[in-house]
Structure formats: structure tokens, C-alpha cells
Amino acid sequence: MIILRYLLFPFAVIYGAINSIRNFLFDKEVLKSYSFGIPIIAVGNLSVGGTGKTPQIEYLIRLLSPNYKIATLSRGYKRKSEGFCLADANSTIEILGDEPFQMYQKFPQIRVAVDADRKNGIEKLLSLIDKPEIILLDDAFQHRKVKAGFYILLTAYNDLFCNDFMLPTGTLREYRNGVKRSDVIIVTKCPKDLSEIAQQQIKNKIGFDVPIYFSCIDYDDKIYNELETKSVEEIMNIDKLLLAGIAKPEPFFSYLEAREENKMVYADHHYFTDNDIKEIEKKAHNRLIITTEKDYVRLKAKSLLSLYYLPIKSRFLSNGSDFNKTIFNYLEGCFRNR
């Protein structure tokens, strides 16, 4: 695999050059970026997948929705619909995609929309009678057609963008200097005991003069389904099957202390077929099945017995109140200047 990546190095250089030219044209306003008279916060990354965008969007929803009308907008990866779709009672996972559908079910107080054309999606949201006051753009760091007011760049602790290279040799979507568009950087999925010295070493390695925060994933102490909950403590030592179709499932398996023979791993955003369900049922053999929250929204209609999910949240290791203050200061400036 490593040899193959080296062989693909010339393609990485070409891909990087194309992206650099594109960014240069946007920076020089040869290609037009569109701004809107509403606070827009974009959450994204420089690399492909696995940085924890959904938990960070959910963090912002919990922070802002008590005081503001919030809408989220994403492309709706792997959905089977096209164009702009606004979540309502008739929406399905096929219409919205798994992560937007999860947010719609989890946060009924907000508007959830999908559109690959973010400019069109924003215009549609702003045309609503009960239009949002703030829009959160999910995975839109490279979507230069829209100019957000505030950019949050995520990079995973074990896969820092500053140690990476362009696709297909590495996992970067654009060169590392794309970091200059960010207003804050969050190093996600950190060990909960990451020392201040280690944090400073990472800041030095990133070497970019914006606020840098460190967050971890907090797993719930209970598992859930539509009917009941169970404590993680009570299921920890029983025989169970764990399955995940997310980008980097290792922490999920590790938290529940899964043995290798009790794991089932699928591709990120995998849509489960009837054959998949038969395979899962066969391997489960009437045991408890525990999956991620994102997978649960794709599996719960499949009539699997004893299926539960384990929720997660993003938590700052320190200085979370400073991050919150930075967000509120941005919003206050937007509303003051209207």
C-alpha cells in the first residue's frame, strides 16, 4: 500500500496544482464567492473524512439553538435525492443522507437542509417564511463558491493535516496552506489526558497563528434504542456484536472493549442491503447488537433484534468557554453590523 502511494505521487502533484490554481482564482476574485447577510459558520477539514465534523456541528447546535434560529446545510452524502431538500415529517434517510437525517431526528428545533450547491441551498433557506438566523455549513471548507463568515478547521489528533500530503499519496483535499482560511483550528479525537506540553508541541507543529483548541470524543454511559436503554457497565461483560460503518471506528470498538471476532466493519456511510442484514443476523446469533448512532439511523428500519446505539459528544479538553466566547463574539459582530 505504501509503495502504491509513492507510485501515485505524480498524480498527487497534479491534483494539488489544480486545487492551488482554483484557490488562487477565488482568492483573486477571478472566480466569484458569494456572501450573505446572515452569520454563516463553516465546519470542515483539509483531509478526507474521519475528523469528527458531525459531533462538532452538534456541539454548535447545542450551544446556539437555545438563543437563535439555526439551520444546518450539507450536501447529504450518498443520498438518493437531488437538489435542495428541506427535512420534514416525510423525509427519509434516502432523501437526506444519514448524518442530516440523524440531526433532523435529534434536534427537532432546528431546520435541516441538504444541497450539493451550497449557494442555492442558502438562498432557499433564506426564502423561507421562518428563515434561520444562523446557518451551519457541514463539510464546506473547500466550497469556495460560498464565503462563510467564520471557518472552523478540524484535524484529527492521529492524522494531523501538517503531517499529511495530497490525494492520492496522502489524504489531503488541498495543500496544507489552505489552513490560512480558518478562523480557529480544533484538534479532534485527542486522548483525554493529553498534556499541555503535548498540546503546545502540536500547536508548534501546526505553526499557524489562529486559536487552536483540543477536543475529545465523550461516549455516553448508556446505549439506546426506540424502546429502552441499558447502561454500558451492565453490557460490558456480556457477549455482544459490535458493528460500525464510519470512517474510523477503532475508538468505538475500543471503548466497548470489543474482541476481534465480535466486530463487523463496513465502509463509511454504507447502505445496508438485505444480504448484509442476513449476515449480521447470522453472526449476532441472538446476541445484543451495538452500533454507532450514525449507523443506527440506517439500520433501525431493518427489523434487527436487540439493536442499540451508543451516542457520542465532542468535548473540549480545556478552554471550551474561550471557544464559545469566540463564536458569540463573531455573532454579536454580525448582528451589530446589520
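Helix H5 gives the most to the lining of the largest pocket, with 5 residues. The model is predicted, so to speak of local features we need pLDDT of at least 70, and side-chain atom pairs count only at pLDDT 80 or more, while totals for chains, interfaces and linings use all residues. Residues are numbered from 1 along each chain as its sequence is written, and side-chain values use heavy atoms, with hydrogens and water left out.

A pocket here is an open set of points on a 1 Å grid over the protein atoms alone, where a 1.4 Å probe fits, with protein on both sides within 12 Å along at least five of seven lines; lining residues have an atom within 4 Å of a point. The volume of the largest pocket is about 1100 Å³, taken as the space filled by probe spheres set on the points. Its lining comprises 45 residues, and Gly-50, Thr-51, Gly-52, Lys-189 and Ala-247 lie nearest the centre. Among the elements that give two or more residues to this lining are helix H3 (53-64), helix H5 (98-106) and strand S8 (212-219); helices are DSSP runs of H or I with at least four residues, and strands are runs of E with at least two. By class, the lining has 17 nonpolar, 11 polar and 17 charged residues, with Gly counted as polar and Asp, Glu, Lys and Arg as charged.

The second largest pocket has a volume of about 280 Å³. Its 13 lining residues include Phe-26, Asp-27, Ser-33, Arg-144 and Lys-147, which lie nearest its centre.

Next, the cysteines. The count comes to 0 disulfides, a disulfide being a pair of cysteine sulfur atoms within 2.5 Å. For Cys-162, the closest cysteine sulfur is in Cys-190, at 12 Å, too far for a bond. Cys-162 is buried at 13% relative accessible area, whereas Cys-334 is partly exposed at 23%; buried means under 20%, exposed over 50%, and partly exposed in between, with a 1.4 Å probe and protein chains only.

Finally, the structure holds 14 aromatic pairs, that is, rings of Phe, Tyr and Trp (its six-membered ring) with centres within 6.5 Å, called stacked when the planes are under 30 degrees apart, edge-to-face over 60 and tilted otherwise. Tyr-213 and Phe-316 form an edge-to-face pair, with centres 5.9 Å apart and planes at 70°. Because Tyr-213 lies in strand S8 and Phe-316 in strand S15, this pair ties together parts 103 residues apart in sequence. Tyr-213 is buried at 7%, and Phe-316 is buried at 9%.
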